[in-house]
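Have the structure open as you read.

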Amino acid sequence: MDRTDDRPVYVIGGGPGGLAAAAALRKRGVRTVVLEKSDAVGASWRRHYDRLHLHTTRGLSGLPGLPMPRSFGRWVSRDNVIRYLEKYAEFHELEIVTGVEVTRVEATENGWLLHATGGRRLTGRAVVVATGYNHTPALPDWPGRESYTGQLLHAGEYRDPTPYQGKDVLVVGAGNTGTEIAVDLAAGGAARVRLAVRTPPHIVRRSTVGWPAQRTGILVRRLPTRLVDGLGSALARISVPDLTAHGLPRPAEGLYSRVRAGAIPVQDVGLVKAVRTGRVEPVAALASFEGDEAVLADGSRATPDAVIAATGYRRALEDLLGHLEVLDSRGRPLTHGGRSPARAPGLYFTGFTNPISGMFREMAMDAQRIAKALSRT
Ligand SMILES: Cc1cc2nc3c(=O)[nH]c(=O)nc-3n(C[C@H](O)[C@H](O)[C@H](O)COP(=O)(O)OP(=O)(O)OC[C@H]3O[C@@H](n4cnc5c(N)ncnc54)[C@H](O)[C@@H]3O)c2cc1C
């Protein structure tokens with residue numbers, strides 16, 4: 001490291017990815033400043049729905065230098081994740097500036113210039129982008145959406161089932177978020193809960209006789225896709241009942257093939273039981289809206305009181321650094337962890353992969369790799 005260079009490394013984003021990278025860098029004596037647009041660390045977790053618990057185990061979700069306390073239990077609640085992130089920043093004495101949004105990153109001759117809120121211009125020797133895989137809610141442009149007269153919201157706005165008690169709700173999207181919100185609504189007193197499914201998900205048990213699905217994910221990560229697909233379907237047949245008769249068939253494509261295409265399996269936190277007992281009704285995908293009606297892909301129609309779209313998020317990195325040509329055709333960074341894109345040395349990314357082995361774990365590893373790479377330069 002050039003000890004005469006007193007410019008800091010800037011980390012954009014004070015979520016788990018950014019905090020982990022900052023802590024690992026600080027440990028190696030690299031001056032690091034975290035820029036966070038909201039008024040506190042862990043902003044994404046503060047917005048998540050109340051019921052949320054980590055799907056990954058506490059032991060495999062700790063960030064570098066500070067394990068999550070045992071008192072959090074095996075499946076850590078949303079509130080405890082927030083507590084942990086606050087404690088993490090304090091414990092590592094991280095330099096964090098809140099209320100500062102970085103709007104553009106530019107390469108200079110020997111470093112980086114960041115444009116930020118309030119006309120700020122900040123120069124750093126390197127930049128770590130940790131603005132989150134789930135940055136901007138993505139709401140599909142369904143025909144008729146603009147003139148739909150019912151309530152339509154993105155899952156990112158959902159907190160708890162109370163406003164939906166006695167209501168008819170259509171949840172769109174059968175990923176972890178959609179299935180969990182559907183179960184939450186059913187348990188929380190909604191009159192009717194339908195789950196619109198475009199592609200039936202792979203469902204896995206969160207743990208089997210004490211063995212968490214995440215550990216299997218770590219073990220199989222480097223095995224050939226076809227082999228893991230085969231193992232996955234054999235395991236599903238043993239451990240997860242067939243829900244075809246209830247409208248949720250087993251997926252045609254293999255579990256790991258889907259993971260490679262970006263679809264993480266659904267962890268069963270009550271979905272199987274709710275579908276079997278009819279409290280959550282799988283229906284066809286949402287195709288369009290007409291007035292107060294939701295039109296489904298099989299031609300059937302529904303007039304729910306509310307539609308909750310669990311349809312994912314966009315990375316939204318284009319404005320920030322699209323001009324640097326460091327993104328692929330889907331808007332994801334070309335590199336992550338300790339490698340910088342060839343045309344942008346000194347620019348690092350964390351939190352933009354979505355591995356089966358768990359993102360907290362991946363961000364913890366990427367933090368170490370980034371710190372190692374940066375303390376070499
Ligand atoms: C519902 C849900 C459940 C999940 N459960 C798990 C789980 O069980 N286990 C697991 O390992 N992973 C899980 N993940 C995935 C992942 O671990 C989390 O999304 C995690 O919060 C990602 O961390 P991050 O730091 O990359 O992004 P975020 O937590 O989203 O943090 C990004 C931060 O950057 C800030 N920011 C964004 N843009 C700017 C900007 N331009 N300037 C300044 N600041 C900016 C944001 O305000 C935010 O604070 C889950 C994700 C979701 C959505």
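## Around the ligand

Helix H1 (16-27), strand E2 (32-36), helix H2 (43-47) and helix H10 (359-376) each bring at least two residues to the ligand's shell. Helices (H or I, at least four residues) and strands (E, at least two) are DSSP runs, numbered from the N terminus. This is a predicted model: local features need pLDDT of at least 70, side-chain atom pairs count only at pLDDT 80 or more, and totals for chains, interfaces and linings use all residues. Residues are numbered from 1 along each chain as its sequence is written.

There are 34 residues around the ligand, and Gly-13, Gly-15, Gly-17, Gly-132 and Gly-351 come nearest; a residue is near a molecule if its C-beta atom, placed from the backbone, lies within 6 Å of it. By type, the shell splits into 13 nonpolar, 18 polar and three charged residues. Here Ala, Val, Leu, Ile, Met, Phe, Trp, Tyr, Cys and Pro count as nonpolar, Asp, Glu, Lys and Arg as charged, and the others, Gly among them, as polar.

## Two domains

The domain assignment (automatic or from a database) gives domain 1 (2-135 + 315-375) and domain 2 (139-309). Their centres, taken over C-alpha atoms, are 29 Å apart. Domain 1 puts 13 residues into the contact and domain 2 puts in 18, with contact meaning C-beta atoms, placed from the backbone, within 7 Å.

## Positive phi

Glu-93, in the loop between helix H3 (78-91) and strand E3 (95-98), has a positive phi near 50°. Ala-316 has one near 55°, and sits in the loop between strand E21 (313-314) and helix H9 (318-321).

Terms used:
Two residues are in contact if their C-beta atoms, placed from the backbone, lie within 7 Å.
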